[in-house]
Amino acid sequence: MTRAFRRHSILPGFGLAMGFTVFYLSLIVLIPLGAAFLKTFTMGWAHFWDTVTGARALASYRLSIGASLIAASINSVLGLLAAWVLVRYEFPGKRIIDALVDLPFALPTAVAGITLTAMFAANGWVGSWLEPLGIKVAFTWLGVVVALTFIGLPFVVRTVQPVLQELDPEIEEAAATLGANRWQSLKRVVFPELMPALLTGFALAFARAVGEYGSVIFISGNMPMKTEITPLLIVTKLAQYDYAGATALAVATLTMSFVLLFFINLLQWWSRTRYA
Amino acid sequence: MSEPRWVRAILIGLALLFLGIFLLVPLIVVFTEAFKKGAEVYLESIREPDAVAAIRLTLIAAGIAVPLNLVFGVAAAWAIAKFQFPGKSFLITLIDLPFSVSPVISGLVYILLFGLQGWLGPWLAEHEIKIIFAVPGIVLATIFVTFPFVARELIPLMQAQGSEEEEAARTLGAGGWQTFWRVTLPNIKWGLLYGVILCNARAMGEFGAVSVVSGHIRGATNTIPLHAEILYNEYNSAAAFAMASLLTILTLVTIALKALIDWKSQVEVREVGEIRERALAEA
């Protein structure tokens, strides 16, 4: 049966490796996730629909998705700038800053949460600059955007950097000899090359932002209908023992995540066929 | 050829402003807040019994999750990279699932499975086995969220390396395990190390998933991030940041190790290239 399933190879261990892989995968990931979906079916359609389309849920989607889109967009623009500067220019401290780009990815979300809150509160390092200008960040939806921007920062930079590094300087030189000025050659030659990576980075940052919990709940203030993100709503329902409601929201979020994952894979396939 | 000098200066300035605010300032803030009340208070808050319990639980959870996910990652990468079979990308997508699921939902699925109202709830209650709101639940949630890290590192790496070297070893008479230990493992060692470091960093720092299954019982079911949250909500900011500083030090070590691995593997690639060139020149 194994031999019919896979092409013959002289390497041993397929059965063992594959068997363990599927077993562990099912045990840890598939069965628990399946249980979540199945639980929804025992709940009854009416309750599911009410929860998923209730006013509080809708407000939380607006916040989670809206803030994630804005944060991912900010990351795309500023992340592109950061990647450009890190790859193309030299300046003191560049290697340290380059290594630090991974900080938001490796830093525990709770640490990010309390630190960003301390920074952007009215008396914080950054907050004290913005307060006189009338810009309140902590405990508003702006704080949510800031936290999600932090979280998504590495995704765009790290996706664009390798592409920038691989770019052949010959293309830009050719454009220059053909009469393009710097801005033209950037816009029409370099930027299209970066587009797939930029899109992928945007999608990754967005997907991560939508499900983010720890970094956001400290700075957001968590007011229902105003600054409550969807994951927090799920936790609140759990605390009230409304398992059915929590699961309904989880299924709605999971569906969004699966669609996103599919879209990311499609994006990557498209950019591979276009630019490979 | 490049942009004019003043354009470069402005771009660098803007980039540094952005990166400075989001990367450097948080680091500074963690440590200034942690030491706000002085070094005495800092050390006290780390030595406090509930804090020590939190540290211990974090180490236990990571100590179980990382080795298990390591073995899984190697097994999955071996099966996917060295063999041909249908459904490979589907398998890879499944492995990536925990990565794309919100941490809160990761915790929720375990409650649905093992909680009182869950599938196995009544059976577990009968046999007095506590999983949710106890240590086993925390370990399971940690395993779930760090599940893909090692596999994600190894699969593309081993796919890029192909199976020629292993096949050559086999034709020369090496056994299965021999081939793995002496041919495959040295080739993947940097990717493996990197995957393990990332897996560990996430395992120790996980918040959302563990928060959901935890029960938040002080001294018993709190990890370092959860304990930091409790302290923060009690307005005990210095102690909360003291806990946070421990995790931040871990993060900095993680980042430093990553930079080291990047550098070492580049050195190796260069060395192998030089050896090849010399061999070709002498041929």
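This is a predicted model: local features need pLDDT of at least 70, side-chain atom pairs count only at pLDDT 80 or more; totals for chains, interfaces and linings use all residues.
Figure 1. Helix α12 of chain B spans residues 224–233, and it is largely enclosed by the rest of the structure because 8 of its 10 residues are buried (buried means under 20% relative accessible area, exposed over 50% and partly exposed in between, with a 1.4 Å probe and protein chains only). These buried residues are Ile224(B), Pro225(B), Leu226(B), His227(B), Ala228(B), Glu229(B), Ile230(B) and Leu231(B). Their packing partners in chain A are α7 (109–120) and α12 (214–220). In chain B the partners are α3 (49–82), α10, α11 (208–214) and α13 (237–282).

**Figure 2. Packing of helices α8 and α10 of chain B.** Helix α8 (residues 149–161) and helix α10 (residues 176–205) of chain B pack with their axes 7 Å apart, at an angle of about 160°; axes are lines fitted to C-alpha atoms over the stretch in contact, and angles run from 0 to 180 degrees between N-to-C directions. The pair α8(B) and α10(B) is therefore roughly antiparallel (over 145 degrees; under 35 is roughly parallel, 65 to 115 roughly perpendicular and the rest oblique). On the α8(B) side, the contact (heavy atoms within 4.5 Å) involves Phe149(B), Val150(B), Glu153(B), Leu154(B), Leu157(B), Met158(B) and Gln161(B). Residues contributed by α10(B) include Ile188(B), Gly191(B), Leu192(B), Gly195(B), Cys199(B) and Arg202(B).

**Figure 3. Surroundings of Ser163(B).** Ser163(B) is located in the loop between α8 and α9 (164–171) of chain B. Its relative accessibility is 17%, so Ser163(B) counts as buried. Residues up to four places away in sequence being excluded, Ser163(B) touches Leu11(A) and Lys82(B).

**Figure 4. Overall composition of chain A.** Chain A contains 14 helices and 0 strands. Of its 276 residues, 53% count as buried. The C-alpha atoms of chain A occupy a box of roughly 70 × 70 × 30 Å along the principal axes. Among contacts in chain A with a separation of 6 or more, 75% join residues 24 or more positions apart.

**Conventions.** Residues are numbered from 1 along each chain as its sequence is written, and chains are lettered from A and ligands numbered from 1 in the order in which they are written. Local features need pLDDT of at least 70, side-chain atom pairs count only at pLDDT 80 or more, and totals for chains, interfaces and linings use all residues, while side-chain values use heavy atoms, with hydrogens and water left out.

Technical notes
Helices (H or I, at least four residues) and strands (E, at least two) are DSSP runs, numbered from the N terminus.
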